[in-house]
Protein chains: 2
Amino acid sequence: MNDRTATDSKPEHRQPDNNFGHPLNLPLEDLQVAREPHRHERWLVAKLLRMSGSPPIRFRLWNGEIIELQEGQADFTLYLTDPKALLTLVSNPNLAFGDLYSAGRLQLLDGELPDLAETLYRHVHRAMQNWPRWLETLWKNHAPRSTDIDDAKENIHHHYDLGNEFYKLWLDQAEMQYTCAYYETADATLEQAQLAKLEHVCRKLRLKPGMTVVEAGSGWGGLARYMARNYGVKVHAYNISREQISHAREEARRQQLDHLITYVEDDYRNISGEYDAFVSVGMLEHVGKENYQTLSDLIKRCLKPEGLALLHSIGRNRPMLMNAWIEKRIFPGAYPPSIGEFMSLCEANDFSVMDVENLRLHYAQTLIHWKERFDQNEDRVTEMYGEHFTRAWRMYLSGSIGAFRAGSLQLFQVVFSHGDNNNIPRSRRDLYTSHATPEEV
Amino acid sequence: MNDRTATDSKPEHRQPDNNFGHPLNLPLEDLQVAREPHRHERWLVAKLLRMSGSPPIRFRLWNGEIIELQEGQADFTLYLTDPKALLTLVSNPNLAFGDLYSAGRLQLLDGELPDLAETLYRHVHRAMQNWPRWLETLWKNHAPRSTDIDDAKENIHHHYDLGNEFYKLWLDQAEMQYTCAYYETADATLEQAQLAKLEHVCRKLRLKPGMTVVEAGSGWGGLARYMARNYGVKVHAYNISREQISHAREEARRQQLDHLITYVEDDYRNISGEYDAFVSVGMLEHVGKENYQTLSDLIKRCLKPEGLALLHSIGRNRPMLMNAWIEKRIFPGAYPPSIGEFMSLCEANDFSVMDVENLRLHYAQTLIHWKERFDQNEDRVTEMYGEHFTRAWRMYLSGSIGAFRAGSLQLFQVVFSHGDNNNIPRSRRDLYTSHATPEEV
């Protein structure tokens, strides 16, 4: 019985899937690191920079040679360790940037990774308006993996079942929230901001004691416990991540909330019953556009006539595929909807959209807090999963900071009700009568 | 020189356009009011009721005969004065209901008109899911009239140039706001709620002294004056209604605000310059879907990099044509966008939607207040424009109350910014730190 099998049967900190050990981790002798760059290779680097909108980046090639568009204008230095890395990068930068960075074959020598990511998002976003068709085709992100009921399990397992121990290293200590926090003040701690997020969501749902709530995609169960503990509501919380459900149940028992909460290990598509509120924080990104009608129908069915629904999800300003590397290596099946696609889910059943709030910069701040803790625990992460994994996650967290800062990603909280429900909040003043942030955590 | 020409050159209370004197105002001898109903006519009434979802309505026919689906279950009695009225109603109820009511050939004997409208909207909305295709085709609303730059002038003239005297009879005395007010408390007066709306809009735009604002569709200029007076901003306000502009300029001079405000009598499509804020309250309904790209491009062009834009418009939960009668008789060219279509305007230029608020029930309350004043001034309105007009407007105001109450219409306030702007509000708490409603008006 090898390590891998043992891990599979009782996943404590499960080894990440094979695609982290992908073919870019080549033996050193294959890399031709000693030779001079060819002329066409220098040309390719310059071309890559120009096609990316001429960001303030210079490349250092494997032989030490520097290539930059304007001398002395660069804020960042990227080091390519070998000729093959260059070819891989140029042929599909969306995917290869993360892969090469994870493999250690693309290194950042000057500058901070989140800043580099933000710069790249901003420059590429502008530049791509002028890309020739062939380049668009070459560099395009592919459609996300299937999110069918069976594949969804795989997708979620890939990411969320990496092991609770791993997530405990860098998520908040209050409720292990792996979604955007809500920073009422700039100096709030991660714990404060995550609890404020939970409070903000509860207020938006206008929860009252005795109400019933169904939650789709409940993570480690923190929102369900917060609602039960602070609002005296009964919660049915659905999740297909076994690791998360197991933690959630244990915590509910420990906090003596298990009489109010039922954690159901099942797909959101199997939700049954009728509830006063429907809530889903951070699941829609994994649902896939092709399932919006199903999700909409489900909410139609299970939301009582006067109930409120809240969906909290990463989104976009316009339809756009997920970055190839994130979708392939980090979040299989992920697709953040554009605000219009998000609304199509509401339109599908004549729901009345009451409130949309965009918390984009709150997610950037959340990620900064996560990354600080991740950085502090890098040695432990490497011990658990190896160097490649650590670099991949550093890239993922940094890239996400950049994406939210550059406006490439948004965070939408949407509140809606049945179209014919008149028992709706008249104003949002009640959300702000007191601070959502707890003073001490 | 006849009256009409005189009115055209100096429109004080201009006679409404010809289609208010449409062919339904027949001489009495053509109406066959004396004869017994035919069997097929009784059948048609019952069919009409069933196809409308069996609302609690009974019909009284021209000969006094009552037709109802379930005896004693009706809350409303509708009186059809003649056989032709019945045929007209059945063949196209969306258009004919308002026309016949205006002509006095469909009368409400029991019940209140706004309640009837709400009941009809709710019942028909449910019933139409099951309509056979032929009925859907027969009863469908038609596409709105053109909103090309020339036609837009006609459309706006039709409604907004009826004469400032007319609107003064029933709009608020504070700022003549002909858009949804904001009722922070249920007992606010119309004046308080309209000023609160202006304040709410200004807060959402985070106006500061010295900023520049461009307003598209400025009505009688109240928002522009409010912004200049209370926030010390410079406003360029565009409007194509001559009557409104003339009132707006006069008021600005009277209030000594003309150094801060330029009222421009021109189409929004001709807006030039760059501004810290873009605002449009109650114009988008008249813009027409086919011009959303143009409007979006315009905002892209004239909003400074760190500016905020606010669009306030009647909308829908899903795409749907305007009620035929409203579009034909009241608001030519009107099309309230669905929330998804609204968002398409934002997506078209990669805008970042920051905040959506739905004030649907506030519009119902606004209309109730307008109708109270309108009712009090009916004699004066009839004196000005005749019975037909008075009944048409009573129907329009009542029908709108019903539509907003039934959830057939929504009122969206949408705040957005350029997609790459990070100088965005982090929270909406600042909108609620003090009351938007003035204590005394």
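**Reading a two-chain model**

Tutor: In this predicted model, Val353(B) makes contacts, beyond its neighbours within four places in sequence, with Ile339(A), Val356(A) and Asn358(A), and also with Met343(B), Cys346(B), Val414(B) and Phe416(B).

Student: Which residues touch the most other members of the largest nonpolar core?

Tutor: In soluble globular proteins, nonpolar side chains tend to be buried together. Here the largest nonpolar core has 245 residues, and those that touch the most other members are Met227(A), Val353(A), Met227(B) and Val353(B).

Student: How many residues does the contact take from chain B and from chain A?

Tutor: It takes 35 residues from chain B and 35 residues from chain A. On the side of chain B that touches chain A, helix H15 (339-347), strand S10 (352-358) and helix H18 (387-406) each supply at least two residues, and the largest share, seven residues, comes from S10(B). Sorted by class, that side of chain B holds 12 nonpolar, 11 polar and 12 charged residues.

Student: In which sense do S10 of chain A and S10(B) pair?

Tutor: They pair in the antiparallel sense, over three bridges, and Asp355(A) stands opposite Glu357(B).

Student: What rotation superposes chain B on chain A?

Tutor: Two copies of a chain are related by a rotation about an axis and a shift along it. In this case a rotation of 180° with 0.0 Å of shift along its axis superposes chain B on chain A, with an RMSD of 0.0 Å. The two copies are therefore related as by a two-fold rotation axis. The same surface serves both copies, since 100% of the contact residues of chain B recur in chain A.

Methods:
Residues are numbered from 1 along each chain as its sequence is written. Chains are lettered from A and ligands numbered from 1 in the order in which they are written. This is a predicted model: local features need pLDDT of at least 70, side-chain atom pairs count only at pLDDT 80 or more; totals for chains, interfaces and linings use all residues. Copies are superposed by least squares on the C-alpha atoms of residues with pLDDT of at least 70 in both. Two residues are in contact if their C-beta atoms, placed from the backbone, lie within 7 Å. A nonpolar core is a set of buried Ala, Val, Leu, Ile, Met, Phe, Trp, Tyr and Cys residues joined through C-beta atoms within 7 Å. A residue is buried if 20 or more other C-beta atoms lie within 10 Å of its own, exposed if 12 or fewer, and partly exposed in between; C-beta atoms are placed from the backbone. Helices (H or I, at least four residues) and strands (E, at least two) are DSSP runs, numbered from the N terminus. Ala, Val, Leu, Ile, Met, Phe, Trp, Tyr, Cys and Pro count as nonpolar, Asp, Glu, Lys and Arg as charged, and the others, Gly among them, as polar. Two strands pair if DSSP finds at least two bridges between them.
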